[in-house]
Amino acid sequence: MLPVWLFAAYLFVDYARHEQSRLEQEARWTARQMSLVVEGELASLQTLLDGLSKSPALAAQDWQAFGSEARRVVQGTDQIITLRDFEGRDLASSQPGRMPDLPERPLTAAEHEQLKLAGILVSNVYAAPGPNAYRIAVAKQVSGGKGVPLLLSISVPTERIRLVMLPAVPDGWIIGVGDREGRYVARSKLHDQVTGRPGLPEYVSKIVGRSGSFHSRNFEGNTLLAGYYRSPYSEWFYTANIPLADVQAPLWSSLAQIGATGLAALLISLALAYVVGRRITKATGDLAASADALGSGRAVQEVSTSVAEFASISKAMIAARHAISKRTRELETVLETVPAAVWFTYDPQAHQVIRNRFAAELMGLPTEGRDLFGRPDQVIATLAYKDGQPVSRENRPLSKAMRGENTSNEEFVYTLPTGGERYLLSSARPIRSPQGSIIGAVQISLDISERKRGEEQRQLLVNELNHRVKNTLAVVQAIAGQILRNATGLEQARTALSARLVSLAKAHDILTRQNWSGADLAEVIAASVGPHAPIDRFDFSGDKIWLPPNTALSFALAFHELTTNAIKHGALSNTKGSVSISWRIEKHREGISILELEWREQGGPPVAPGKAGFGAQLLQRVFGGEKSGGVELIYERTGVRCLFTVQFEHQQAPKPAD
């Protein structure tokens, strides 16, 4: 209601100003109208003087005849006509005896000036013989005999002025007429009490200029709104007065009506506010509960309310809940699908965390029947190492992020309760509120265990390169010696040696390609043993198996070592021995295969176990890892047996190009 009240107050003030301006204008207009009425009467008196000024008796200076003529003109009225000279001596009068129509004094310089300019002089109010006999006079300069200037005047009681203006006085208004000295000439009310008396100084002092309006007190002590007009004809001032209380009465009445209307509107508004407020309060409480449920992840119930806006908000919050649930499911799906471990925490100590499924698998935690993304779980205690040194929980990425530190691509080795090791590449960032304070942290880790083992294997291959060079030279030497022992001529020996060396080089090329694209197990075996011994001295048996690149390279190294050893010391060191290679494969679980392969030598010299050389150590290193499998060397008198058990991810052989 405040804007309505303010608007009503503005209208009231504007109405009051407009009404005040209208009344002031009406007061000025009324004063001017009174001047026209009164001075119309003064003009009629001047007309009588104009007629007498043409009298023959005046021209003949027959004062007695002129007096008789003047008495006939004003007979039966209260008017008095007097003729006098400018020294103040009476020459003729319409009334016997001496009753001056002007004060008994010579004219003042100002009166002479006005008479000269206007040709007419309206006197101030003056006292005449008799009780309360106040009169005014209109004088005109006339010419006597021989052009002598004389003063012809006519006087009337001030009561006549009052009677002239009474019919034109508006209801409720008080009209006053004052002379040039500020004394009352006539007044529409209390005329007998004020005529001839000076006006109140505070009132008269405000009559400045030709026309205007003002507020002032009157004789009775009432505050008036006055409008005035000063006539250029008589130099009298005319005032139209109305009690200020009468002026303000309609305004106060309007204010009372506005106040009563506003009070009624306020009471109605309070009643409506109470009724509507109860509904709004209940709906607001229900919406607050819905907002709390939305923030807590609980179901949001629709708010039953008659307030359409709140009902719309409730529906919007339900829609928001559905949208949030949908985005949450999408985020959960992403976090459960992405091949990276993700941890969230809002615990300042980083003890309580939220993890995705991959993080649980990575740390060896249960993954079935648990709310992985929506519920905090106690982090299982693990040992962490960085650069070979133990790392406390306070210095791990998630804890550092809770302190506002950023961690980027730091490598850690985690020892799990199962005894296994995981190499993780971790990054962590703090989660900040809109105000910038830390409210949580997130850590993302990638399992780089295979990469680290691959790096170790590459280092092993570098070492193997040196060893292979030596073995290659030994094989070349053995091939050359065998060829030279059995050759019938130098040319035959040169041809055979060249062919063997070319075959050895091709085998190395095949192994290089297999290292990057994978290879068929039978082809790996053939490429590995073919350059060193006749293929007919080998017996292969087993299913077609496609090996991953790392596994194929490991087998190539293993068969090279076994073949070299067989050439040096085993079944291939004579002309009768043979080697059988058999394998079979089993699917351990979805996507994982286990390969069992046996190398068996027969027909060679008796075998006795000795100190394990670099070749045996190489086999153990290549196939001794967690995911690679295992290898077992058995030294029997009939020949060496080597058993391989290898675990790898099952892959399909690539389709041949068109």
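Asparagine 409 lies in strand 17, which covers residues 407–415. The model shown here is predicted. Asparagine 409 has a positive phi of about 50°, although it is not a glycine. That deserves a note, because most residues other than glycine have a negative phi. Asparagine 409 has a relative accessible area of 55%, so it counts as exposed, the cut-off being over 50%.

Glutamate 235 is another such case. Its phi is near 65°, a positive value in a residue other than glycine. Glutamate 235 sits in the loop between strand 10 (223–230) and strand 11. Its relative accessible area is 27%, so glutamate 235 is partly exposed.

**The chain as a whole**

The protein chain has 658 residues, and 41% of them are buried. It holds 16 helices and 26 strands. Take the contacts with a separation of 6 or more: residues 24 or more positions apart account for 55% of them. The accessible surface comes to about 35800 Å². Carbon and sulfur atoms own 56% of that surface.

**Serine 578**

Serine 578 lies in strand 23 (residues 578–589). Its relative accessibility is 28%, so it counts as partly exposed. Which residues does serine 578 contact, leaving aside its neighbours within four places in sequence? They are Arg537, Ala571, Arg600, Glu601 and Gln602. Glycine 603 is 25 residues away along the chain, yet its C-alpha atom is 6.2 Å from that of serine 578.

| Residue | Relative accessible area | Class |
|---|---|---|
| Asparagine 409 | 55% | exposed |
| Serine 578 | 28% | partly exposed |
| Glutamate 235 | 27% | partly exposed |

**Helix 14**

Helix 14 spans residues 521–529. At its start, a side-chain oxygen of aspartate 520 reaches to within 3.1 Å of the backbone nitrogen of alanine 522. The buried residues of helix 14 are Leu521, Val524, Ile525, Ala527, Ser528 and Val529. An α-helix has 3.6 residues a turn, so residues three or four places apart point the same way.

**A cavity inside**

Rolling a probe the size of a water molecule over the atoms shows where empty space is left. The count comes to five cavities of 30 Å³ or more. The second largest cavity has a volume of about 90 Å³. Strand 7 (174–178), strand 8 (184–187) and strand 11 (237–243) each give two or more residues to its lining. Residues lining this cavity include Ile174, Tyr184, Arg187, Phe219 and Asn241. What kinds of residue form the lining of the second largest cavity? Six are nonpolar, four are polar and two are charged.

Definitions and conventions
Residues numbered from 1 in each chain as written. Predicted model: local features only at pLDDT ≥ 70, side-chain atom pairs only at ≥ 80, totals over all residues. Heavy atoms only, no water. 1 Å grid on protein atoms, 1.4 Å probe; cavity = no way out; pocket = protein on both sides within 12 Å on 5 of 7 lines; lining within 4 Å. Points joined across faces, edges and corners; volume = space filled by probe spheres on them. Helix = DSSP H or I, 4+ residues; strand = E, 2+ residues; numbered from the N terminus. Nonpolar A, V, L, I, M, F, W, Y, C, P; charged D, E, K, R; others polar. Buried < 20%, exposed > 50% of the residue type's maximum accessible area, 1.4 Å probe, protein only. Contact = heavy atoms within 4.5 Å. Areas by Shrake-Rupley, 256 points an atom, 1.4 Å probe, with all protein chains shown as cover. Polar contact = N/O pair within 3.5 Å; in protein donor to acceptor, adjacent residues only side chain to side chain.
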